[in-house]
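User: I would like to learn how to read side-chain packing in a model, taking one feature at a time. Could you guide me through it?
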Amino acid sequence: MEASVPKCEVCNDCEPDVILEASDGTRFGVSASNLHRFSGAFPAPSFVNADPTAAHEVTVLHETADIVRLMVQFMHPGVRQPDIWLIENLWQLAEAVEKYMIFPAQGVVKARVRSLATEYPIQVFIYATRHGHDDLLPDVEKPIGLADFKSIEIPLQLLYAEPPWVIGAVHAFRERYRENALHMALKLRGLKEPRDRMKTHPNSAGTDVCGWDKCWTLWSAVIGPPVRILDFEEEFDRCWKDFDCWYCEKARWDVTPSWETADSLQKCLSKARKIGK
């Protein structure tokens, strides 16, 4: 299929010599040199007919016109790029940016995806596993570990469209995550009040254990549902500046080592990947 090249929507000075057609039939005129320079998925200009008056091949894409328009904007030098925080169809754009290797957009899109880890953990997880962004996995561990899968039907449909080994890794991680939360809760419940409130640390003269009351008030609040248990370390670090108690700090480290040795989401994925492939 051949056609004449439309004008560029992004820049008046651009000389388009390539036609990109969106899934709804909307066509965009784009410079082959820009495509080749800012993307890793399009051919070099030497393979393109340079005559703007001649008929050109139409490259049909699976993306919608809105997504193709954003792609084209990101692949133009000297123009202001789209505000990624205002884009509604972010997930479709994120897939397109990775699919066509649009270099100027990859970093900013990834940053925006990371910011949504708590609100949309499954979507962020899928994006990370599909495109090798393992550094995003720690951001979604807690939301995925504690998510009520019965209440998130649409994200689950996305998850179950992934390869079976990915789904298996998620379930293995969730089981291990909750086991460690329970284990941590049991250890917290087993903490005992110090016998001598004014006993000093042998290596820190003048430091007493009077912070116990504050510590125990904090710990008592998190003993309960797993979501509160897993807030323990964050809450402890936030409140630690208000008291200095060697006994309580020692107790804190007695509680946390088993949690820190739990399999991470990335480890579960690595194990499942070896089995699944």
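User: Is Trp 91 buried, partly exposed or exposed?

Analyst: Bear in mind that this is a predicted model. Trp 91 has a relative accessible area of 23% and is partly exposed, because buried means under 20%.

User: How should I read aromatic pairs, and how many does the whole structure hold?

Analyst: A pair of aromatic rings is described by the distance of the centres and the angle of the planes. A search of the whole structure finds two such pairs. In the stacked one, Phe 42 and Tyr 100 lie 5.7 Å apart, centre to centre, with 15° between the planes. Phe 42 belongs to the loop between helix H1 and strand S4, and Tyr 100 to the loop between helices H3 and H4, so the pair ties together parts that are 58 residues apart in sequence. Phe 42 is buried, at 11% relative accessible area, and Tyr 100 is buried as well, at 8%. Trp 91 and Tyr 120 form an edge-to-face pair, with 6.1 Å between centres and 75° between planes.

User: Which residues touch the most other members of the largest nonpolar core?

Analyst: In soluble globular proteins, nonpolar side chains tend to be buried together. Here the largest core has 56 residues, and those touching the most other members include Leu 20, Met 71, Leu 93 and Phe 125. Helix H2 supplies its largest share, seven residues. Leaving out residues up to four places away in sequence, Leu 93 touches Ile 67, Leu 70, Phe 74, Ile 84, Ile 87 and Val 109.

Technical notes:
Residues numbered from 1 in each chain as written. Predicted model: local features only at pLDDT ≥ 70, side-chain atom pairs only at ≥ 80, totals over all residues. Heavy atoms only, no water. Core = buried A, V, L, I, M, F, W, Y, C linked by side-chain atoms within 4.5 Å. Buried < 20%, exposed > 50% of the residue type's maximum accessible area, 1.4 Å probe, protein only. Helix = DSSP H or I, 4+ residues; strand = E, 2+ residues; numbered from the N terminus. Contact = heavy atoms within 4.5 Å. Phe/Tyr/Trp six-rings, centres within 6.5 Å; stacked < 30°, edge-to-face > 60°.
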